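Dear colleague,

I am passing on the structure that I promised you, and I would be glad if you read the notes below with it open.

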Amino acid sequence: MADIASRVLVAGARVAGTACAEVLLDRGADVTVYDRDDSERLRALAARGARTATGEFDPALLDGVEQVLLSPGFPPHHPIAAAARDAGIETYSEPELAWRLREDGAARWFAVTGTNGKTTTTTMLAAMLRAGGLRTAALGNIGVPLVQAANGPYDAIAVELSSYQLHWSSTLAPAAGAVLNLAPDHLDWHGGFDAYAEAKAAVWRGGQAVANLDDPAVVALAKHADAHVTGFTLNQPEPGQFGVALGFLVDHTGDTPVQICSVDLVRPAGWHNVANALAAAALARQAGVSHADIAAAIRAYTPEPHRNVAFLEHAGVTWVDDSKATNPHAAAAALAAYDAVVWVAGGQLKGVDVDGLVAEFAHKLRAAVLIGQDRAEIADALARHAPGLPVAVLDGGDDAVMTDVAARAAEFARPGDTVLLSPAAASYDMFRSYAHRGDAFADAVRGLIGEDAG
């Protein structure tokens with residue numbers, strides 16, 4: 001177990017930062033907690049004996065500090081990170097602390113990262129581990145903080161890890177880790193795609209890598225991995241791979257291929273979720289789960305909300321909430337799953353180009369309803385690649401706009417169409433979260449069509 005210092009600065013007093021500070025205080029550490037704004041959490045930590053600081057960061061807060069624990073939102077160029085680096089102070093984040101807290105006999109970690117599909121794959125994996133008789137939980141960016149569960153009553157845990165968390169790690173080494181896909185995202189945080197990909201590769205530090213063979217960027221990353229690589233593909237698997245053959249998920253890592261279950265059992269719909277199921281299955285096999293138990297878990301799996309979930313069918317039109325699609329790569333996976341789409345999109349594109357997405361799927365679009373901060377960029381791309389497509393550009397600035405979204409989408413939709421909320425953009429310009437956005441959409445649609453439609 002790596003050392004944990006006696007004098008620590010915790011930067012960020014939200015859920016992860018507060019949990020870290022509490023654990024360190026329980027261990028008798030001298031803890032300072034910094035956050036830009038005062039909060040109830042900060043005051044509660046002060047009552048427990050932590051020093052606290054707010055406002056602009058003062059480098060003097062680092063005096064005498066041996067380690068800095070950064071909440072994942074702090075990028076490498078943030079003044080705190082830069083000052084700690086210049087002072088030679090070790091810096092890491094909550095999952096790394098959780099790893100360092102593990103005691104003998106602690107649960108094995110099976111980790112999932114990638115640009116998209118992390119939560120679906122992680123919860124699928126947890127279902128598989130549970131079906132295999134293992135005490136487990138889906139943690140990381142899900143559920144309780146890892147530091148509160150590092151030595152919990154588990155045999156194996158499914159851990160979702162972001163590029164931020166992996167960047168701020170150094171000893172964390174899961175028993176096996178999967179990289180699902182790589183596409184431009186969070187480039188302002190990492191400073192470029194190469195740094196983003198390199199952070200993701202840290203999930204393979206334990207020596208067992210699961211990699212998407214259909215993603216060229218993942219394949220390139222895996223070529224340089226100091227780990228044993230098990231690949232997964234939507235094509236027929238070669239020896240040593242997981243894949244799809246004759247409509248079945250197949251494990252060909254043994255002497256002969258083994259059919260796991262029918263592709264049709266995978267939920268949510270879409271080939272990207274078949275890929276997620278293959279990745280989860282590859283990790284579950286690393287944990288010793290049988291093929292039969294993996295199949296049972298897939299059969300019983302309940303999808304997480306806001307991830308390509310069809311929530312209503314009426315008059316031949318299917319309404320789908322894929323609000324979790326906060327970048328073009330995620331939206332592409334959903335658009336690929338349907339033949340005729342009334343597309344509801346827009347929000348904060350975070351500097352990522354949407355032109356390629358629109359060009360690829362313009363032929364599937366029946367109409368588009370656009371909202372949010374960067375709606376004009378999507379409208380311009382549609383004008384270039386789908387001239388003549390009916391497009392409604394709505395100017396609302398909060399969740400009330402979804403009433404108009406539902407009405408305009410219903411006007412455009414015809415029997416056989418799918419009305420798909422898959423924004424390709426973040427939600428914080430108009431909503432509290434992607435979940436708030438998805439709920440507002442579903443509520444507006446049900447209000448328009450009626451609760452009993454289906």
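How far apart do the end C-alpha atoms of residues 314-424 lie, and what share of the span is helix and what share strand? The end C-alpha atoms lie 25 Å apart, and the span is 34% helix and 22% strand, where helices (H or I, at least four residues) and strands (E, at least two) are DSSP runs numbered from the N terminus. An unreviewed UniProt entry annotates residues 314-424 as "domain: Mur ligase C-terminal", although such annotations may be inferred rather than shown by experiment.

Please keep in mind that this is a predicted model, in which local features need pLDDT of at least 70 and side-chain atom pairs count only at pLDDT 80 or more, while totals for chains, interfaces and linings use all residues. Residues are numbered from 1 along each chain as its sequence is written, and side-chain values use heavy atoms, with hydrogens and water left out.

His252 is found in the loop between strand S13 (248-251) and strand S14 (258-262). His252 counts as buried because its relative accessibility is 12%, and buried means under 20% relative accessible area with a 1.4 Å probe, protein chains only. The side chain of His252 reaches the backbone oxygen of Pro237 at 3.4 Å. Leaving aside neighbours within four places in sequence, His252 is in contact (heavy atoms within 4.5 Å) with residues including Pro237, Glu238, Pro239 and Pro257.

With kind regards

Notes: Buried < 20%, exposed > 50% of the residue type's maximum accessible area, 1.4 Å probe, protein only. Polar contact = N/O pair within 3.5 Å; in protein donor to acceptor, adjacent residues only side chain to side chain.
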